[in-house]
Amino acid sequence: MHRYDESWERDALEVLPQFYGSPRNLAQCQLSEIVLKTQNRVLDLRKPLDFYAWHLPGSTNLPLSSVGPHTPSPFSDPGVLEAQWVELEKIFTDDVLVSDLGRHHILVVCYDGDSARVATSVLRAKGVEADSVRGGHRALKMYGIGNESSITAKEPLGATITVAPVPLE
């Protein structure tokens with residue numbers, strides 16, 4: 001396991017203005033109006049159907065087989081934590097991917113923030129500057145971010161990285 005620092009878990013209202021630019025105050029913008037700053041990347045760990053239904057602009061879908069809308073918290077279920085850690089370690093052994101991510105500040109989001117915390121820890125251990133959204137997409141919705149119909153996709157809007165499931169030994 002890797003070290004984790006709570007300072008890497010960021011409140012959505014604090015971190016989104018640092019990752020996105022907009023023609024006016026971010027709080028007054030629709031998601032369709034904001035643009036991911038070039039020095040940043042957003043990794044969304046949710047399932048593809050959930051990602052396509054709604055996601056932050058410019059996000060890349062990195063669906064984990066160990067993450068789902070009803071998956072227990074990795075911090076309450078050691079089996080889930082192990083599965084996520086093993087899967088993330090395997091994904092981030094790709095030197096090209098890690099090198100590309102290392103040139104950006106990464107924001108990791110998931111359903112409830114817990115899996116993003118695990119991914120942030122793995123990325124940080126690989127030397128990548130990464131943070132997670134505290135509370136994940138549930139927190140974004142609670143703040144009213146993304147409640148507009150203009151961001152709902154009928155087709156995939158962002159990129160998706162396909163990852164093969166990792167069997168646990």
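Visitor: Is Tyr 143 buried, partly exposed or exposed, given its relative accessible area?

Guide: This is a predicted model. Tyr 143 sits in the loop between α6 (136–142) and β8 (159–160). Its relative accessible area is 34%. Buried requires under 20% and exposed over 50%, so Tyr 143 is partly exposed.

Visitor: Which residues make a nonpolar surface patch with Tyr 143?

Guide: The patch has an area of about 330 Å². Besides Tyr 143, its members are Leu 13 and Met 142.

Visitor: Which element gives the largest share of the largest nonpolar core?

Guide: This core holds 23 residues, and Phe 92, Leu 101, Ile 106 and Leu 123 touch the most other members. Two or more residues come from each of α3 (78–91), α4 (95–102), β6 (105–109) and α5 (114–125). The largest share, 5 residues, is given by α5.

Visitor: Which residues does Leu 101 touch, not counting those up to four places away in sequence?

Guide: Leu 101 is among the core residues that touch the most other members. With residues up to four places away in sequence left out, the residues it touches are Leu 43, Phe 92, Ile 106, Leu 123 and Val 128.

Visitor: How many residues are in the second, separate core?

Guide: Among the members of this second core are Leu 16, Leu 56, Leu 107 and Val 109. Its size is 17 residues.

Visitor: How far apart in sequence are the parts tied together by Glu 9 and Arg 117?

Guide: Side chains of opposite charge can pair when their charged atoms come close. The closest N and O atoms of Glu 9 and Arg 117 are 3.8 Å apart, and the two form a salt bridge; both residues are buried. Glu 9 lies in strand β1 (residues 9–10) and Arg 117 in helix α5, so the pair ties together parts whose separation in sequence is 108 residues.

Visitor: What is the relative accessible area of Asp 131, and what is that of Arg 124?

Guide: Arg 124 counts as partly exposed, at 28% relative accessibility. Asp 131 is buried, its relative accessible area being 4%.

Note on methods:
Residues are numbered from 1 along each chain as its sequence is written. This is a predicted model: local features need pLDDT of at least 70, side-chain atom pairs count only at pLDDT 80 or more; totals for chains, interfaces and linings use all residues. Side-chain values use heavy atoms; hydrogens and water are left out. Patches are made of residues with over 30% relative accessible area and no salt bridge: like charges are joined within 9 Å, nonpolar side chains (Val, Leu, Ile, Met, Phe, Trp, Tyr) within 5 Å. Accessible areas come from the Shrake-Rupley method with a 1.4 Å probe; for residues, only the protein chains shown count as cover. A salt bridge is a side-chain nitrogen of Lys or Arg within 4 Å of a carboxyl oxygen of Asp or Glu. Helices (H or I, at least four residues) and strands (E, at least two) are DSSP runs, numbered from the N terminus. Buried means under 20% relative accessible area, exposed over 50%, partly exposed in between (1.4 Å probe, protein chains only). A nonpolar core is a set of buried Ala, Val, Leu, Ile, Met, Phe, Trp, Tyr and Cys residues joined through side-chain atoms within 4.5 Å. Contact means heavy atoms within 4.5 Å.
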